[in-house]
Amino acid sequence: QVQLVESGGGLVQTGGSLRLSCAASGSIFSINAMGWYRQAPGKKRELVATITSGGSTNYADSVKGRFTISRDNAKNTVYLQMNSLKPEDTAVYYCNADIVSGKYYWSRSRDDYWGQGTQVTVSS
């Protein structure tokens, strides 16, 4: 019923930039927090950045000052602008959203959704 579709990953050189997008679609009533996580080979998935419906943001220390999370509530879309990329940023990036779905109030439910992941590779 609800899908998160990511785009924007790719290969970039050290110091370069990429912009990730994640669009939520389906029977959406409201979206609470949205965020980006990443998982490098052999490592656990870690938080990159989150943003509330009101626009409050939170970042991992490793990306502060380099990455910017934003959202367009009208488009149900969250973005991650990544600047000054480093090889250690190489990972699969996943979009996450806390969504209330269901057209009618008696059918609504609140769940945590994940995108399929998009690969970001930073070459040295």
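1. The model is predicted, and every value here is computed from it.

2. As for secondary structure, the chain contains 11 strands and zero helices. Read from the N terminus, the order of elements is β-β-β-β-β-β-β-β-β-β-β.

3. On overall dimensions, the C-alpha trace spans about 55 × 25 × 20 Å along its principal axes. The radius of gyration is 15 Å, which agrees with the value near 14 Å that a compact globule of 124 residues would have.

4. Of the 124 residues in the chain, 42% are buried. Among contacts with a separation of 6 or more, 57% are between residues 24 or more positions apart.

5. The chain carries 13 positive and 9 negative charges. The mean position of the positive charges lies 3 Å from that of the negative charges.

6. One residue can be followed in detail. Ser101 belongs to strand 9, which covers residues 91–101. Is Ser101 buried or exposed? Ser101 has a relative accessible area of 2%, so this residue counts as buried, the cut-off being under 20%.

7. Which residues does Ser101 touch, leaving aside its neighbours within four places in sequence? Ser101 is in contact with Gln1 and Val2, with Ser27, Ile28 and Phe29, and with Ser107, Arg108, Ser109 and Tyr113.

Notes:
Residues numbered from 1 in each chain as written. Predicted model: local features only at pLDDT ≥ 70, side-chain atom pairs only at ≥ 80, totals over all residues. Heavy atoms only, no water. Helix = DSSP H or I, 4+ residues; strand = E, 2+ residues; numbered from the N terminus. Rg over C-alpha atoms; globule rule 2.2 N^0.38 Å. Buried < 20%, exposed > 50% of the residue type's maximum accessible area, 1.4 Å probe, protein only. Contact = heavy atoms within 4.5 Å. Lys, Arg positive; Asp, Glu negative; His and termini not counted. Charge placed at Lys NZ, Arg CZ, Asp CG, Glu CD.
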